[in-house]
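Reader: I'm new to this one and would like to learn how to read it. Could you walk me through it, feature by feature?

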Amino acid sequence: MVKSMAAKHAIWPRENDIIFNLSERAQRAEKVTGKDNVINATIGALMDDDGKLITMESVYKEYKELPNGEIGAYASLAGQPDYIESVKKIFFREYMPDAHIRVVASPGGSGAIKLALWNYTNIGDEILTSDWFWSPYVSIAEEIDRKVVTYKLFNEGNSFNLTSFKENFLRIADKQERIFTIINTPGHNPTGYSVSDDEWDEILDLSKEVAKDESKKIMIFVDAAYIDFAGDDKVIRKFFRKFSNLPENILVMVGFSMSKGFTAYGMRMGAVIGITSDENIAEEFHYSCVHSCRANWSNCNRGAMAILSNIVKDQEKFNLYEEEKKIYKEMLSVRAKAFVDESEKIGLEILPYKAGFFISIPCDNPKELCEELTKDNVYTIPLKMGLRFAVCAVSESKCKIAPKIIKNAMEYLESK
Ligand code: PLP
């Protein structure tokens, strides 16, 4: 009897995405008890106080004014030339590294991760990221026979755990030719942590030390999916300059995404940016990635590229976009502050939040706690080591009351 038709490598556990599952449960609860009585902190997108998806007017007006041909035609495989230039401009701003830089279009930041992982690691390689991490890293890596391993993100002082990072970095360097690490900053998902400039110095010093062995190839992938909601646009970009004049065997890659910064989640537009001191390595990056584009999805969303290019090229449009984004950035930071302040006031332990869409609450029994909270109509996402609360999707007033409900549920479970 035929039990399965899929090839062996394509058979995975039959699990539904827990995030979408919980989000559906929250929506059902909203229908039964009314929106005001439910806290739906499962969604990884900016929602207004009524739970409606925020879509930026300056972005969608631009889209609707595009000629059909500018939406419907094929785009160039690497991305339209003006998109490539616009990505560089809007991403680096005044902090362009002194390096050879190439940009290749990808379907969102997810596509950028795939391009980088596929082209810069070998089958069986370990990929290093932090123990709090965005779980699709594992799906992307395991699909192509790579394995995600982790270091502890935080030390006892609740800042970047360089000791754990170094230990794992050196362990991998000892056994692999390639050391590929993903650093999701600024505004890390799920904790809201941002690596500081001093911490970047330490990471780069370690990389340079290992790079003295010329047989080693070091890839630092900066997943910057939340950069547009991570604080002062200038301050948070300063660390890009540190990617100037690095040794030739250190390649920095950045995952750029329009999902959050342009509220364009479903448009699937982003780019992988390669930063190297060697022109030949930059060219190789371009051709390796473009080959993968052709082999996987061909070209990307031309209309979305045009939105970005048109906004970046036109100062007036750019100002409007920046003004509009500022409103939502402010909304997000007010919500996060309400959650952080209240947690501190009532003694709920949370991980160090600096910016971004999420706050994490460490606990020993995430699934149980998440389930318990649904009884109070609070919906969160259980992770391996805690709960993820999406401040991006919850009003300020609800962000203020949620910590107490979470603390009570924790205490109730402890007392059982
Ligand atoms: N990286 C992180 C940490 C994310 O949370 C996301 C989206 O949720 C992405 C990358 C990629 O998003 P997209 O593929 O929509 O650009």
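Predicted model: local features only at pLDDT ≥ 70, side-chain atom pairs only at ≥ 80, totals over all residues.

Reader: Okay, then which residues is Q176 in contact with, leaving aside its neighbours within four places in sequence?

Author: Those are D125 and E126. Q176 itself sits in the loop between α7 (162-175) and β5 (178-184).

Reader: And is Q176 buried, exposed or partly exposed?

Author: You count C-beta atoms around a residue's own, inside 10 Å: 20 or more means buried, 12 or fewer means exposed, and anything in between is partly exposed. Q176 has 16 such neighbours, so it counts as partly exposed. R268 has 19, so it is partly exposed.

Reader: What is the phi of N158 like?

Author: It's positive, about 60 degrees, although N158 is not a glycine. You'll find N158 in the loop between β4 (147-151) and α7. R268 isn't a glycine either, and its phi is positive at about 55 degrees; look for R268 in the loop between β7 (250-257) and β8.

Reader: Which residues of α9 are buried?

Author: F285, C289, S292 and C293. Look down the axis of α9 and its buried residues fall within an arc of 105 degrees, so they line one face of the helix. The face turned away from that buried side carries the exposed residues E279, N280, R294 and A295.

Reader: What covers the buried residues of α9?

Author: The cover includes β2 (100-106), α5 and β8 (270-276).

Reader: Where does α5 turn up around the ligand?

Author: Helix α5 (residues 108-120) gives the largest share of the shell there, three residues. In total 13 residues surround the ligand, with G108, G109, S110, S257 and S259 the closest. By class, the shell has three nonpolar, nine polar and one charged residues.

Reader: Last one: which residues does a cis peptide bond join, with omega about -5 degrees?

Author: T185 and P186. Another cis peptide bond joins N189 and P190, with omega about 20 degrees. P186 is in the loop between β5 and α8 (197-211), and P190 is found in the loop between β5 and α8 as well.

Note on methods:
Residues numbered from 1 in each chain as written. Near = placed C-beta within 6 Å. Helix = DSSP H or I, 4+ residues; strand = E, 2+ residues; numbered from the N terminus. Nonpolar A, V, L, I, M, F, W, Y, C, P; charged D, E, K, R; others polar. Arc of directions from axis to C-beta. Contact = placed C-beta atoms within 7 Å.
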